[in-house]
Amino acid sequence: MPAHLRTRRGLAAGTATVPGFGRRRPRWRDIDLIVDLSDDMFTRRWWRGFATLTGLCVAVALIAPQPFEPLPAMATDRVGASEAAEFREAAIAPIARGSGTGGRMAANRLVQPLLRAPDRPAIELFVRLGSGDTLDRLLARNSANYADASEAARLIASAGGRIAPGTTIDIRLGPKQPGGTRPIQRVALRAGIGLDLLVGRSGDRLSLETKRTAVDRTPLRIRGRVGDGLYWALRSAGVSPQAASDYLRALATRIDVGSDVGPNDRFDLVIANARTAGGESREGPLLYAAVDRLGGGAIRLVKWTAAGRTEWVDAQGERQRQSALAWPVAGRITSGFGLRVHPILRFARMHRGIDFGAPSGAPIVAAADGQVIRSGWAGGYGRQIRLAHDGGLSTSYSHLSRLVVEEGSFVRQGQLIGYVGSSGLSTGPHLHYEVYRGGVAINPVGVRFAGAAVIDPREQDRFKAHVARLMAVGSPRG
């Protein structure tokens with residue numbers, strides 16, 4: 001038979017010639033049965049794959065047993081009561097729930113009941129002194145007898161140590177006495193940096209043993225550049241949050257720390273500090289706060305106590321100072337000083353103060369030292385407080401929700417006097433704040449007043465020596 005006839009017959013029979021080989025293979029092997037239905041949607045190849053999937057699903061449905069039921073499972077072995085008790089006694093979970101574990105032995109000739117459980121010969125405790133608590137109450141509350149608790153507290157107090165809240169105390173108590181209390185055998189604690197106290201029993205009496213470690217109390221001086229923000233520059237230099245807040249409050253008596261300090265200004269502060277040879281350190285109060293401003297001059301303040309009053313004094317020892325009134329509330333100014341249309345009366349009238357937008361209940365503090373000359377209801381002003389200050393100045397705080405000072409009392413700058421409210425003619429919670437000089441209302445923004453003398457001339461030498469010691473402190477951190 002001719003070759004071309006054999007080829008046609010082979011094609012008609014459903015075979016194909018494989019290139020490079022003389023053998024042929026069936027054409028159905030070229031059919032792609034595995035089709036990804038997410039590709040080439042609605043093409044001829046996709047419909048072929050869809051038909052294949054549909055056919056397989058129909059075939060499964062036809063040959064599956066009817067109706068569909070879950071496969072039967074083997075029956076599990078039942079656990080009897082005795083086996084369950086054994087499992088429970090050997091488990092850990094009951095301990096977490098507060099119950100006991102372990103087997104219980106039945107009564108027999110080898111087991112005898114105890115009429116009284118034996119007491120522990122001694123107990124050891126590690127306790128922490130809470131705020132407002134005292135050592136004698138803490139010891140008595142933990143089963144120490146009252147006489148020993150009082151004596152231990154007296155011995156520790158005689159050593160001059162002050163137990164701060166949060167101090168950890170190591171206690172060892174002896175065997176229980178007839179009254180249910182226990183004698184003190186040991187009380188050990190850290191009463192201060194460099195001071196360890198140990199109260200021990202010697203016979204029938206308690207005795208005190210002290211262990212002192214040398215403490216270096218040289219103050220710590222920290223300097224640096226203000227940069228993007230004064231507070232975060234202080235924190236980056238190693239100043240604690242408390243010292244940083246005290247520093248900002250000190251400068252706020254002279255300048256606005258938010259706008260009067262530039263990025264290239266330099267801060268300088270001295271903090272009391274105590275260090276032991278073992279590396280223990282305890283920070284004290286802020287002693288010196290200064291800032292060198294490129295455009296506004298330097299401000300140098302020293303904390304000084306005179307006549308029972310502590311405040312920030314210029315390092316030069318000036319007796320009179322000019323300082324700004326502090327803002328009485330944390331909030332933004334929503335209405336300024338001057339002529340405006342009253343929001344309720346709807347006609348133009350003089351607004352003799354400024355309004356601070358603040359939430360109801362926000363604390364209000366005195367803008368400066370002074371005496372309360374009014375504390376009560378004042379018509380459209382609602383609940384109002386008026387303060388009289390040095391230099392013929394007075395301030396008023398209106399629309400309060402609550403007053404916390406009485407007429408005739410004296411207040412310090414920053415002291416709480418009331419809370420924000422909406423009493424009187426008010427459209428919402430805010431503080432209406434006014435400043436008067438000689439009885440005439442003036443714009444509170446930028447008002448400054450002359451403070452009273454703070455350095456006694458007889459203490460000038462002592463003050464200068466104190467400032468000299470602070471200025472001599474080095475700068476371990478730059």
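Me: How should I read burial here: is Arg 275 buried, exposed or partly exposed?

Reply: Arg 275 is partly exposed, with a relative accessibility of 27%. Buried stands for a relative accessible area under 20%, exposed for over 50%, and partly exposed for what lies in between (1.4 Å probe, protein chains only). Keep in mind that this is a predicted model: local features need pLDDT of at least 70, side-chain atom pairs count only at pLDDT 80 or more, and totals for chains, interfaces and linings use all residues. Residues are numbered from 1 along each chain as its sequence is written, and side-chain values use heavy atoms, with hydrogens and water left out.

Me: Which residue forms a salt bridge with Arg 275?

Reply: Side chains of opposite charge can pair when their charged atoms come close. The partner of Arg 275 is Asp 216, and the closest N and O atoms are 3.4 Å apart. For a salt bridge, a side-chain nitrogen of Lys or Arg must be within 4 Å of a carboxyl oxygen of Asp or Glu. This pair links distant parts of the chain, 59 residues apart: Asp 216 belongs to strand E8 (residues 215-216) and Arg 275 to strand E10 (residues 266-276). Helices (H or I, at least four residues) and strands (E, at least two) are DSSP runs, numbered from the N terminus. Asp 216 is partly exposed too, at 36% relative accessibility.

Me: How many salt bridges does a search of the whole structure find?

Reply: There are 13. One of them joins Asp 148 and Arg 201, with 2.4 Å from N to O. Asp 148 lies in helix H6 (residues 146-158) and Arg 201 in strand E6 (residues 195-202), so this pair ties together parts that are 53 residues apart in sequence.

Me: What does the side chain of His 399 reach?

Reply: It reaches the backbone oxygen of Ser 423, at 2.7 Å. A polar contact is a pair of N or O atoms within 3.5 Å; within protein, one must be able to donate a hydrogen and the other to accept it, and residues adjacent in sequence count only if both atoms are side-chain atoms. His 399 is found in strand E22 (residues 393-403) and is buried, at 6% relative accessibility. Another case is Asp 170, whose side chain has a polar contact of 3.3 Å with that of Arg 186. Asp 170 lies in strand E4 (residues 168-173) and is buried at 17%.
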